[in-house]
Amino acid sequence: MFKGLCFFLKNGWKYDKRYVLWNLFNQLLHSLVPIAGALMPKFIIDELLGPCRPEKLLLYTGILLGYTLLACALSSYFSWDGFSRRCQVNTEFDLALHRQLSLADFERLESPDFLDMQEKAKKFLYCDWHGFGYLLDCALNILGQLFTLGGIAAIIAAINPLIVLLFILLAALGALAESRAKKAAMRLSEEVSADQRCCIYYAGLFEDFHYGKESRINGLSSWLIHRERKFSENANRNIRRQNNGFIRSGILRAVFTFLEQAAAYGYLLYQAAAGLISIGSFTMYIGAVTVFACSLRSAMDSLTEISAYDFYYERLEQYLSVPAALRESGHASVPEGMHQIRFQSVSFRYPGQSGYSLKNISLTLQPGQKLGIVGENGAGKTTFVKLLTRLYDPTEGKILLDGVDIREIDYDQYLSLFSAVFQDYRLFACSLKDNIALALPAEEARIERLLRQVGLGDKLDKLEKGIETAVYKNFDETGFEPSGGEGQKIALARALYKDAPIVVLDEPTAALDPRAEYELYRQFHGLTEGKTAVYISHRLSSAKFCDKIIVLEKGELREYGTHEELLALQGKYAELFSMQAQFYR
């Protein structure tokens, strides 16, 4: 439990010390208000019923009102300025976390275990939407309540210390019931979260126009609603179980509160009726009893919250230490000039899988060579590219850059050698210009030239804002929604803009029509002139533009050669090429 609190204290102190101090000062101010509120009315009432000295009445009233004014004013400042600082601390922490995730090994981010760990870590960090730092607020609330409890306990103990012990006992029993209900709810929350994610997915399908045609043509309305309902009902069933636990614990706490108040009021009424305490003292003790019960309950509630979320802290530690082994492995510099890349008996198996996705691959990619990679689905083509670009390291064998094992080379320098258009490329909700340049300085004339070269000239001429037009309408109603083919062309222009010596194209024409595909192939050599290019495609006609072609089958390299050589072999390549060619004859 204390590890989690130390985590928030350390990060709060790291990013803004006053965030922690303001929170602490605010709790101390609040902790003294109930004590003043219990003591001063006693003196005022006793004075009114006794000597009634004006100077004393003014003094006691002045102390009460003055402290209340000071506490409220300072509390307002500490609360609101502290909240602003909390938001900034949250921002700084999120940015640091995102920076760390961006440097983490790619294979970790693909893992289902990582996604599960991420979900649980966020439950600790943001406490089910209570916000970042909520547990620190709970801890400091306990500290503030302890100050209040100490002062009030001293007042109550003056008449009978057993009342204090009774209150502590009953509050502890109530907190125990609440803690059990909270922990049971946390265990159920994993199932609730999973069902709600599924429900949100199906609910989103009705709002996403991309699914509108499929839904209407196939009459999916009832089918989708049935699935949404199933997950909603599962989530609601578990939410009801959670709330039933809270209802039971709430009833128990109400009983304990009744016992507290009945014992205290009964004892104090007896004392007042017997003339053992004054009316002022009676008022003070009644107020003290109420404040003591509320403060004790608040402290116990905060302790319960901290204890419940401690369930996820171990996952947070794992989440915050996602390995970046690839980046830390080597520090050698990349030599200048064109580069030779050699796969030397390379095999690869994805984590958690028994079979190999690639097996014993050996080949050399010469400087300036255009290499085509073909094969059926599941042959290992995309895995080959992931190893080439070092998103993964081989399970067995080596990949050499100019004779040096790439694991010995600085990771970022090695990645800078590649421009890539992946099959699952992503565009960003920002301007067309920013989508091309990304983190590089934006040269507008060059960006426009590349967009025209990849076949987006006509589209560009129709956009009123040109390359300043927003891609998508997330933040700009005047933005445009690129078609699949237009999106691929933007991604291709982005890869060419980076101007890296090695270009990787993973199915870059999959969404293009035949004319656009022909135009792109026609310009392919010009677009990648002087560069090494690796080209993956299901359309074997594209392979004719490549210097060499490899054929992958079930993770193994079956054939290697030029288009004409592979046709002459009458092997797998010739079979696939013939199968596709028959539809064009």
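Lysine 554 is found in the loop between strand S9 (548-553) and strand S10 (556-561). Helices (H or I, at least four residues) and strands (E, at least two) are DSSP runs, numbered from the N terminus. Lysine 554 has a positive phi of about 55°, although it is not a glycine. Most residues other than glycine have a negative phi. Lysine 554 is also exposed, because its relative accessible area is 70%. Here buried means under 20% relative accessible area, exposed over 50%, and partly exposed in between (1.4 Å probe, protein chains only).

This is a predicted model: local features need pLDDT of at least 70, side-chain atom pairs count only at pLDDT 80 or more, and totals for chains, interfaces and linings use all residues. Residues are numbered from 1 along each chain as its sequence is written, and side-chain values use heavy atoms, with hydrogens and water left out.

Now the whole protein. Its secondary structure comes to 21 helices and 10 strands. Of its 585 residues, 45% count as buried. Contact means heavy atoms within 4.5 Å. Among contacts with a separation of 6 or more, 74% are between residues 24 or more positions apart.

Arginine 390 lies in the loop between H13 and strand S4 (396-401). Its relative accessible area is 0%, so arginine 390 is buried. Lysine 554, in contrast, is exposed.

Next, strand S7 (residues 502-506). Five of its five residues are buried, so the strand is mostly covered. In a regular strand the side chains alternate between the two faces of the sheet. In S7, Ile502, Val504 and Asp506 point one way. Val503 and Leu505 point the other way. Residues on both sides are buried.

S7 has strand partners. Two strands pair if DSSP finds at least two bridges between them. Strand S6 (residues 418-421) runs parallel to S7, joined by four bridges. Phenylalanine 418 has isoleucine 502 as its bridge partner in S7. Strand S8 (residues 532-536) is also parallel to S7, and five bridges join them. Here valine 504 has valine 534 in S8 as its bridge partner.

Helix H18 covers residues 484-498. Its 15 residues reach 22 Å from the first C-alpha to the last. That is close to the 21 Å expected at 1.5 Å a residue, where the expected span is 1.5 Å times one less than the number of residues. H18 is mostly covered, with 13 of its 15 residues buried. Aspartate 499 follows H18 and has a positive phi, near 60°.

Rolling a probe the size of a water molecule over the atoms shows where empty space is left. On a 1 Å grid over the protein atoms alone, a cavity is a set of points where a 1.4 Å probe fits but cannot get out, and a pocket is an open set with protein on both sides within 12 Å along at least five of seven lines. Lining residues have an atom within 4 Å of a point. Grid points are joined across faces, edges and corners, and a volume is the space filled by probe spheres set on the points.

About 1,400 Å³ of space lies in the largest pocket. Its lining has 39 residues, of which Phe106, Leu391, Ala420, Phe422 and Arg494 lie nearest the centre. Elements giving two or more residues to this lining include helix H3 (54-103), helix H13 (381-388), S6 and H18. The largest share, five residues, comes from H18. By class, the lining has 24 nonpolar, six polar and nine charged residues. Ala, Val, Leu, Ile, Met, Phe, Trp, Tyr, Cys and Pro count as nonpolar, Asp, Glu, Lys and Arg as charged, and the others, Gly among them, as polar.

Serine 347 is in strand S1 (residues 341-348). It counts as buried because its relative accessibility is 2%. Beyond its neighbours within four places in sequence, serine 347 has contacts that include Tyr356, Leu358, Pro394 and Glu396.

Serine 221 is in helix H9 (residues 221-273). Serine 221 is partly exposed because its relative accessible area is 38%. Leaving out residues up to four places away in sequence, serine 221 touches Phe206 and Ser215. The C-alpha atoms of serine 221 and phenylalanine 206 are separated by 8.6 Å, at 15 residues apart along the chain.

Tyrosine 201 is found in helix H7 (residues 161-207). At 45% relative accessibility, tyrosine 201 counts as partly exposed. Its C-alpha atom is separated by 8.4 Å from that of glutamate 228, 27 residues apart along the chain.
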